[in-house]
Amino acid sequence: MTLLVIGLSHRSAPVSLLERAALPEDARGKLLRDAVGTASAVVEGAAVAEAAVLSTCNRIELYAEADRFHSGVSQLSGLLARHSGVPLEELQPYLYVHYEERAVTHLFGVACGLDSMVVGEGQILGQIKSALAHAQDEQTAGRLLNELFQQALRVGKRAHSETGIDRAGQSLVTFGLQQLAPGGDVPGRLRGARALVIGAGSMSSLAATTLARTGVAELVIANRTLERAERLAAALGQDGLKARAVPINAISVAAELALADVVVSCTGASGLVLTAEAVAHARGERDRGDLAILDLAMPRDVDAAVHGLPGVTLVDIESLADASADAPMAADVDAVRRIVADEAAALCAARRAAHITPTVVALRAMASDVVAAELTRLHGRLPELGDKERGEITRTVRRVVDKLLHAPTVRVKELAGEPGGDQYAAALRQLFDLDHRTVAAVRNPEQERS
């Protein structure tokens, strides 16, 4: 079985393509079920035992354990194209594929924020945790992906606690607000301002909290589920901030848009939340200064045509990607890379060593069967032997076999931890003529207990 990751991100694809390929939550579930063959329409090809989807505003990645590399890549790429709605021939030039240790290294780097649009940002840890939880809910995460994602979370936390990556990193919200503020002076730009946050999910909640800390005078939360917006507004209002909630509809959003100085939008809507016409109308209704809008949604919430409206500044994922390309890297990034490399090598070595255990167990079981058969034959040919002699012969033969097997089995476990270590297991199976079904019978009970 091979660990694969197939995906695209802001580093490999234009944001416009990422926007089109964005997967809503229900599409992610269908993709997972199709990947492991639990849905009705399954693409024939490699057998996929496990799958998980990591989908954020700047990446879409499918992690899987497949029994064959090439057919697995072909099958999973096709599924990603089908569920994203982007034709495979259009998607394929921007897809990257990593397998085994490179896949582990990639996920660990992602967890540390090294592959984020804003290097070092910590939000990705919550997104990885959510991806694992979703796969667990869909019952597509087994032993491999549970171990991989949980270790990625630990590596990400280690990187943030042992290095200064946080000095380089900041949330996408903070980075976006800096792009809206002249000279990056967010408090100076927003102190005393009226703010509108559209959405009440994790990113919108972070935006609302960040805005509250900058000293805005009033904060309005607009959300389709009013109760959720009210809870967020109530929590923010405990520190004396004037915060209230409104439902998302054309009338309420238009009214709040005309009053706001800054707007942050991040919903899960599949269509536009703010059209250029609506923003232009709100701008005309205003008796205040310019309007600043930060769109963190993927696909976008705000019509790209807003960029051309007078008196309105729009920062979206595409402009953030351009700005982040020039952002300085922290000196601690190299230290994080070393952590990632060490942790990935350790995990892969442990996986390789674990793969040889069923072969070693099967070899010892075969040796035990041979000993038992030969002792039975010997006792049949020498029935006059007493119990004492029989016991001594049995112990002697078993000691001889154990000593002969001890050094090679210990050494092969050590060698299995090195790159290419799986070849040693294959050599053992061939040298001792071990039936692959016998080895599989040893491996499967372990998987069921995990």
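1. The accessible surface of the protein comes to about 21,400 Å², and 51% of that area belongs to carbon and sulfur atoms. Accessible areas are from the Shrake-Rupley method with a 1.4 Å probe; for residues, only the protein chains shown count as cover.

2. The model is predicted: local features need pLDDT of at least 70, side-chain atom pairs count only at pLDDT 80 or more, and totals for chains, interfaces and linings use all residues. Residues are numbered from 1 along each chain as its sequence is written, and side-chain values use heavy atoms, with hydrogens and water left out.

3. The protein has 450 residues, 48% of them buried (under 20% relative accessible area; exposed is over 50%, partly exposed in between; 1.4 Å probe, protein chains only). It holds 19 helices and 10 strands, taken as DSSP runs numbered from the N terminus (helices H or I, at least four residues; strands E, at least two). Of the contacts (heavy atoms within 4.5 Å) between residues at least 6 apart in sequence, 73% join residues at least 24 apart.

4. The largest pocket has a volume of about 1,300 Å³. On a 1 Å grid over the protein atoms alone, a pocket is an open set of points where a 1.4 Å probe fits, with protein on both sides within 12 Å along at least five of seven lines; lining residues have an atom within 4 Å of a point. Grid points are joined across faces, edges and corners, and the volume is the space filled by probe spheres set on them.

5. The lining of this pocket has 41 residues, and Glu 25, Arg 28, Ser 202, Thr 267 and Gly 268 lie nearest the centre. Helix 6 (123-137) is among the elements that supply at least two lining residues each, and its eight residues are the largest share. The lining divides into 18 nonpolar, 16 polar and seven charged residues.

6. His 106 sits in helix 5 (residues 101-111) and counts as buried because its relative accessibility is 14%. Its side chain makes a polar contact of 2.6 Å with that of Glu 61 (N or O atoms within 3.5 Å, one able to donate a hydrogen and the other to accept it; residues adjacent in sequence count only if both atoms are side-chain atoms). Not counting residues up to four places away in sequence, the residues that His 106 touches include Arg 59, Tyr 63 and Asp 115.

7. Ser 319 belongs to helix 15 (residues 317-324) and is partly exposed, at 24% relative accessibility. A polar atom of its side chain lies 2.8 Å from the backbone nitrogen of Asp 316. Val 15 is 304 residues from Ser 319 in sequence, yet the C-alpha to C-alpha distance is 9.2 Å.

Key
Ala, Val, Leu, Ile, Met, Phe, Trp, Tyr, Cys and Pro count as nonpolar, Asp, Glu, Lys and Arg as charged, and the others, Gly among them, as polar.
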